[in-house]
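My entries follow in the order in which I worked.

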Amino acid sequence: MKSFTKVGLAAGTTALLLTACSGGSSGSTDASGGRTDSAPASTAASTPTPTPTPTPTPTPTKPPYGPVLAGYVDPVNAALAKLNPAGSIDNFATALQEAATAANSASSGLALAGEPDTVTTVRRQLATALSQLSTDLTKVRTDIKSKSVCTTSSAFAEVGLSEGLKGVPLALAQMTAAGYPTTFAVPQTPPLQARSLDNGTMVRKGRLRGEGGLEVDNTGGSSDSVVSLSQNNKAVHSLYVGKGKKASIDGIEDGTYDVFFSDGIDWDPTLKMFTQNCSYTKFDDTLSYETGRTATTWSITLTAKVGGNAKTSDVDEEAFPQP
């Protein structure tokens, strides 16, 4: 449990051959009274019906391979073009799913379509790269769900680390050399960053005309933190506390404050949030400052410690007062 200390503390058919035989004989009596057989008056000639020659089945011809290749790669191109780093993180996750599905379909389709013998090896390489791309994009989407990446900028930067995204253009370059050029546009992704502020920096500085104090201990922390004293769901004072360090605020005015803190990696000064491994937490108890004969100073520890007396609850980002 964390602590408060108050000083003092994702076919052919063969025709039936018919032979007409008119048989029998007609007899006549010669002058001597003998009977003479005569030949048949006529015999129907037999004419065999010719057997049709079976028509050979034509050998199917394969379509040109260039259009086949483009038919699978172009949808991947179109899906990747929808990855917009300026849009919302939810829309980015949806675009990632579309691109991952397109890459997986292209990989499976190329494996079944057949190819000229000269590009069998590179076709396999391309199918493998597309499958890897699908896996990589799905991982980024999973990382968004788990808050391993918290902004579109960091999600887009992670896309740039995809081994599949590097492998596809390499395989297509070999296809081009073999006579099958195909367009593939690799997104221009930013680098993954790890920005931070100096320990003790006031991210938000309200009026500090009081006598109260706040001491924050993050010596056991594995990431930087921003601690905010809030009133009416709005941050009044926000303090940046580096990993493994302590910092403090002096001059806090009298009143009751909710205490929120956010942990993470890579502080974006414009968005005022961590872009990676972000978490949002609130102390269940409030801090009350009242100036009397003595000033009030509270001390809080951001990591669990033996004997701690402060309970915390995770909160949604939307419920977190922006520093």
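Entry 1, H1 against H5. I looked up which residues touch, taking contact as heavy atoms within 4.5 Å. Tyr65, Leu69, Val73 and Leu80 in H1 meet Leu165, Leu172 and Met175 in H5. I sorted these residues by class and got seven nonpolar, no polar and no charged. For the classes, Ala, Val, Leu, Ile, Met, Phe, Trp, Tyr, Cys and Pro count as nonpolar, Asp, Glu, Lys and Arg as charged, and the others, Gly among them, as polar.

This is a predicted model, where local features need pLDDT of at least 70 and side-chain atom pairs pLDDT 80 or more, while totals for chains, interfaces and linings use all residues. I number residues from 1 along each chain as its sequence is written, and side-chain values use heavy atoms, with hydrogens and water left out. Helices (H or I, at least four residues) and strands (E, at least two) are DSSP runs, numbered from the N terminus.

I then took the axes, which are lines fitted to C-alpha atoms, for helices over the stretch in contact, with angles from 0 to 180 degrees between N-to-C directions. H1 covers residues 65-80 and H5 residues 163-177; their axes come within 13 Å and cross at roughly 155°. H1 and H5 are therefore roughly antiparallel. In this scheme angles under 35 degrees are roughly parallel, over 145 roughly antiparallel, 65 to 115 roughly perpendicular and the rest oblique. I noted the crossing of H1 and H5 as left-handed, meaning that the near helix is turned anticlockwise from the far one by less than a right angle; clockwise would be right-handed.

I found that the axes of H1 and H3 come within 13 Å and cross at roughly 15°. That angle makes H1 roughly parallel to H3, and H1 passes H3 in a left-handed crossing. From H1, the contact uses Tyr65, Leu69, Val76 and Leu80; from H3, it uses Arg123, Leu126, Leu130, Leu133 and Leu137. By class I get eight nonpolar residues, no polar and one charged. I kept one rule in mind while reading these lists: an α-helix has 3.6 residues a turn, so residues three or four places apart point the same way.

Buried means under 20% relative accessible area, exposed over 50%, and partly exposed in between (1.4 Å probe, protein chains only). The buried residues of H4 are Thr152, Ser154, Ala155, Phe156, Ala157, Glu158 and Val159. Their cover includes helix H2 (89-113), helix H3 (120-145), H5 and strand E10 (273-283).

I followed up on H2. The axes of H2 and H4 come within 9 Å and cross at roughly 25°. The two helices are therefore roughly parallel, and their crossing is left-handed. Ile89, Phe92 and Leu96 in H2 meet Thr152, Ala155, Phe156 and Val159 in H4.

Asp136 is in H3 and is buried, with a relative accessible area of 15%. Leaving aside neighbours within four places in sequence, I find Asp136 in contact with Ser162, Glu163 and Gly164. Ser105 lies in H2 and is partly exposed, at a relative accessible area of 42%.

Where is Ser223? I located Ser223 in the loop between strand E5 (212-217) and strand E6 (224-231). Ser223 is buried, with a relative accessible area of 17%. Not counting residues up to four places away in sequence, Ser223 touches Asn218, Lys243, Asp263 and Gly264.

Entry 6, rings. My search of the whole structure gave nine aromatic pairs. Rings of Phe, Tyr and Trp (its six-membered ring) pair if their centres lie within 6.5 Å; planes under 30 degrees apart are stacked, over 60 edge-to-face and the rest tilted. Tyr240 and Trp267 form an edge-to-face pair, 6.0 Å centre to centre and 80° between the planes. Tyr240 lies in strand E7 (residues 234-241) and Trp267 in strand E9 (residues 255-268), so this pair ties together parts 27 residues apart in sequence. Both Tyr240 and Trp267 are buried. Ring pairs link Tyr240, Trp267 and Phe274 into a cluster.
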